[in-house]
Amino acid sequence: MARARTKARTAAGGESALAERFGLFAECLLTGVWIAVASLGVLTYPAAFAAGARHLHRRIAHESGGLREFAADFRVAVRGGWVVGLAGWAVAAAVWVDVQAARAGIPGGPLVGAIGVLALIGAVVALLRAAAAWTPDAGWRALLAGAGRRTVLDPAGSFLIVGGLAVVAASAWFSAPLAVPVLGAVTAAAVAVEERHRHRHR
């Protein structure tokens with residue numbers, strides 16, 4: 001009889017854990033949609049990821065919060081985040097020029113192009129890590145400086161985020177709309193990486 005009760009509780013707990021994980025996954029996909037919409041301002045994508053990461057932090061901590069809280073975080077993050085967005089587009093433009101130089105057959109072009117692409121990937125990872133660590137009282141300059149160091153010093157976590165970016169790229173290649181909800185999964189990966197790093201360095 002006692003064994004039957006134990007099995008019943010285990011099954012119920014398993015179902016609860018499964019439901020919670022599915023709920024978190026669904027929340028990640030919904031957050032990806034919010035991030036995509038908030039990024040339509042062209043320079044607002046850093047703030048969109050920061051607000052999305054903050055929302056997922058609340059969800060993981062079982063705190064209440066939804067679209068209204070996401071929008072409030074976005075409004076705060078965009079105050080300094082638009083400058084980061086502008087810098088990001090400038091870096092992307094510089095890398096595009098490098099790639100074009102490589103295609104044109106300019107001496108040293110392929111090496112410069114490869115370095116540019118790697119630098120762009122590193123910058124995107126650092127941005128995601130900074131967004132995952134964002135709080136309303138944090139400054140973007142300090143966040144990016146710390147995220148840049150962690151990107152280099154925590155290669156395992158950085159490669160995990162790169163894997164998430166690869167999933168987004170593959171989703172966009174297969175069907176562009178699929179990449180929209182997957183943005184939330186990439187943000188969740190960045191949140192998990194930052195949480196792992198924080199716990200390891202307490």
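Trainee: Are α6 and α7 roughly parallel or antiparallel to each other?

Mentor: Good place to start, and keep in mind that this is a predicted model. The axes of helix α6 (residues 155-174) and helix α7 (residues 176-200) cross at roughly 175°. Angles over 145 degrees count as roughly antiparallel. The two helices are therefore roughly antiparallel.

Trainee: How many residues of the contact of α6 with α7 are nonpolar?

Mentor: The axes come within 8 Å of each other. On the α6 side the contact includes Leu160, Ile161 and Val168, and on the α7 side Leu183, Val186 and Arg196 are among the residues. Sorting the residues of this contact gives three polar, one charged, and the nonpolar group, which numbers 16.

Trainee: Is threonine 31 buried or exposed?

Mentor: Leaving aside neighbours within four places in sequence, threonine 31 touches Gly52, His55, Leu56 and Gly184. Buried means under 20% relative accessible area. The relative accessibility of threonine 31 is 0%, so this residue counts as buried.

Trainee: What separates the C-alpha atoms of threonine 31 and phenylalanine 49?

Mentor: Along the chain, threonine 31 and phenylalanine 49 are 18 residues apart.

Trainee: Is arginine 58 buried or exposed?

Mentor: Arginine 58 belongs to helix α2 (residues 45-60). Beyond its neighbours within four places in sequence, arginine 58 has contacts that include Glu63, Glu69 and Asp73. With a relative accessibility of 13%, arginine 58 counts as buried.

Trainee: How are the rings of tryptophan 34 and phenylalanine 70 arranged: stacked, edge-to-face or tilted?

Mentor: A search of the whole structure finds two aromatic pairs. In the pair of tryptophan 34 and phenylalanine 70, the ring centres are 5.4 Å apart and the planes stand at 50°, so the arrangement is tilted.

Trainee: Which helices does that pair of tryptophan 34 and phenylalanine 70 link?

Mentor: Both residues count as buried, tryptophan 34 because its relative accessible area is 14% and phenylalanine 70 because its relative accessibility is 5%. The two residues lie 36 residues apart, in distant parts of the chain. Tryptophan 34 is in helix α1 and phenylalanine 70 is in helix α3 (residues 67-103), so the linked helices are α1 and α3.

Trainee: What is the angle between the planes of tyrosine 45 and tryptophan 89?

Mentor: Tyrosine 45 in helix α2 and tryptophan 89 in helix α3 are 44 residues apart. Tyrosine 45 is buried at 17%, whereas tryptophan 89 is partly exposed at 46%. Their rings are 6.0 Å centre to centre in an edge-to-face pair, and the angle between the planes is 85°.

Methods: Residues numbered from 1 in each chain as written. Predicted model: local features only at pLDDT ≥ 70, side-chain atom pairs only at ≥ 80, totals over all residues. Heavy atoms only, no water. Axes fitted to C-alpha atoms, helices over the stretch in contact; angles between N-to-C directions. Helix = DSSP H or I, 4+ residues; strand = E, 2+ residues; numbered from the N terminus. Parallel < 35°, antiparallel > 145°, perpendicular 65-115°, else oblique. Contact = heavy atoms within 4.5 Å. Nonpolar A, V, L, I, M, F, W, Y, C, P; charged D, E, K, R; others polar. Buried < 20%, exposed > 50% of the residue type's maximum accessible area, 1.4 Å probe, protein only. Phe/Tyr/Trp six-rings, centres within 6.5 Å; stacked < 30°, edge-to-face > 60°.
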